[in-house]
Amino acid sequence: MQQWVAEIAYETISGTKTSKESFYLPTVDDVRDAVSKKGGYVISIRQHERSPLERLLARSTWWQVQLLRGIQFRAAAVSSPGVAFWKIIEAETNPTRQNILAPAREALSRGLGVIDALKALRIFDHGTLAILAASEKANKLTDGIPHAIHSITQKKKNQRAIMGTLGWLGFDVFTIVTSLAAGKDMVLGWFGNNAPTDPAKLEEYNRVVGNLGLTWDVLIWLAYASAGFMGWCIISFFVNKGKTDWPTARVVRKIPLIGAYMRDLGFSDSMVACSRMLRGLVPINEALQQASEATTSPEVMDYWSTANEELERGIGLGAALDREPLSRSERMELATLSDLDQVATILESIAQMRAQAAKTKHSLIVWLAFGLTGVFLVIAFGSAIYALTVMNMSLDSMMGGLMGDAL
């Protein structure tokens with residue numbers, strides 16, 4: 001499903017009139033069929049592309065929270081989240097926000113549900129959508145919205161903590177690297193012009209200067225490469241927010257600690273969603289299927305899909321869920337499962353353990369960033385002290401030459 005903008009011509013009594021309309025349909029041919037049914041003629045069709053301002057506003061935490069709160073408050077008055085969402089869209093007068101909400105408007109006008117309309121916006125992550133979908137299937141969407149808002153704000157806090165730490169450390173590294181880059185040619189040039197005249201010292205001097213230059217080059221290019229990689233990841237995650245998978249995400253997941261952190265978050269979100277659906281008496285196979293769509297982590301998705309397949313083959317629920325990549329303690333909890341009513345409680349318990357594990361890994365990532373930056377700074381300062389040693393060698397040689405000339 002995509003959003004399309006079509007320029008349409010209509011034959012009226014006063015002549016031909018043109019207008020631009022938005023459609024949320026799979027293909028261009030579907031748009032042409034929809035226009036024909038309305039009695040119009042297609043002039044042009046293009047895929048809608050959000051402007052940078054629209055993209056920034058749509059994917060901000062503030063916008064997401066305000067939209068969900070609006071649905072929650074209006075649903076209390078009209079008793080239907082879908083109607084509440086439609087009224088929010090109809091009441092919007094800002095053109096930028098109208099463009100953001102256009103896919104949801106088209107989805108609701110075609111008879112799709114409120115969850116499908118929220119998915120059409122492509123602004124919420126899979127964990128948030130899973131919480132909302134689970135609540136909607138249990139006919140308690142308004143009760144699930146506060147949990148979704150809490151999930152959004154908590155993830156935003158974690159992102160701010162990581163970005164704040166990396167930003168501060170990045171500033172430290174930036175100042176050191178710019179100093180090295182600006183002074184490298186000047187310092188090495190001075191060393192080259194003031195080499196010792198003593199052949200015995202000249203060989204050692206050239207070796208030391210060469211090592212110093214190599215060290216500074218490695219530090220500078222390592223900092224440039226790290227900054228480029230971080231910038232690429234940040235931009236890619238922002239642009240692709242709401243997608244299931246993309247190349248940058250696959251690269252980041254291969255980083256050991258960060259990959260485990262994302263896997264823990266995926267298990268926490270999906271298990272909360274699954275337990276909420278089970279408490280709402282949603283069929284177990286549908287709950288497992290929805291849980292697999294609650295995350296972008298391939299390992300977590302495979303876990304739920306495999307469990308659902310095992311369940312369809314007639315294997316018990318406890319045995320179907322008792323598998324890798326769950327930890328030993330988590331599998332021991334599932335091994336105690338004797339009643340279907342216990343499933344939701346056990347899943348909530350595992351979700352809490354995964355959330356705590358994610359919090360611990362988050363702290364480790366922050367402290368590891370501090371540690372690596374500290375090592376970088378120690379090497380940078382050490383090389384600067386090393387440069388003073390080289391300078392002393394050159395000055396000693398110069399002073400020795402001057403004394404010899406005076407004698």
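Tyr303 and Trp304 are both buried in this predicted model, where buried denotes under 20% relative accessible area, exposed over 50% and partly exposed in between (1.4 Å probe, protein chains only). Four aromatic pairs occur in the structure. One of them joins Tyr303 and Trp304 in an edge-to-face arrangement, with 5.1 Å centre to centre and 80 degrees between the planes. Rings of Phe, Tyr and Trp (its six-membered ring) pair if their centres lie within 6.5 Å, and planes under 30 degrees apart count as stacked, over 60 as edge-to-face and the rest as tilted. Ring pairs also connect Phe267 with Tyr303 and Trp304 in a cluster.

In helix H12 (residues 284–292), the buried residues are Ala287, Leu288, Gln290, Ala291 and Ser292; helices are DSSP runs (H or I, at least four residues) numbered from the N terminus. These buried residues of H12 pack against helix H7 (126–137), helix H11 (256–279), helix H13 (298–312) and helix H14 (317–321), contact being defined as heavy atoms within 4.5 Å.

Trp232 lies in helix H9 and is partly exposed, with a relative accessible area of 40%.

Residues are numbered from 1 along each chain as its sequence is written, and side-chain values use heavy atoms, without hydrogens and water. As the model is predicted, local features need pLDDT of at least 70 and side-chain atom pairs count only at pLDDT 80 or more, whereas totals for chains, interfaces and linings use all residues.

Definitions and conventions
Helix = DSSP H or I, 4+ residues; strand = E, 2+ residues; numbered from the N terminus.
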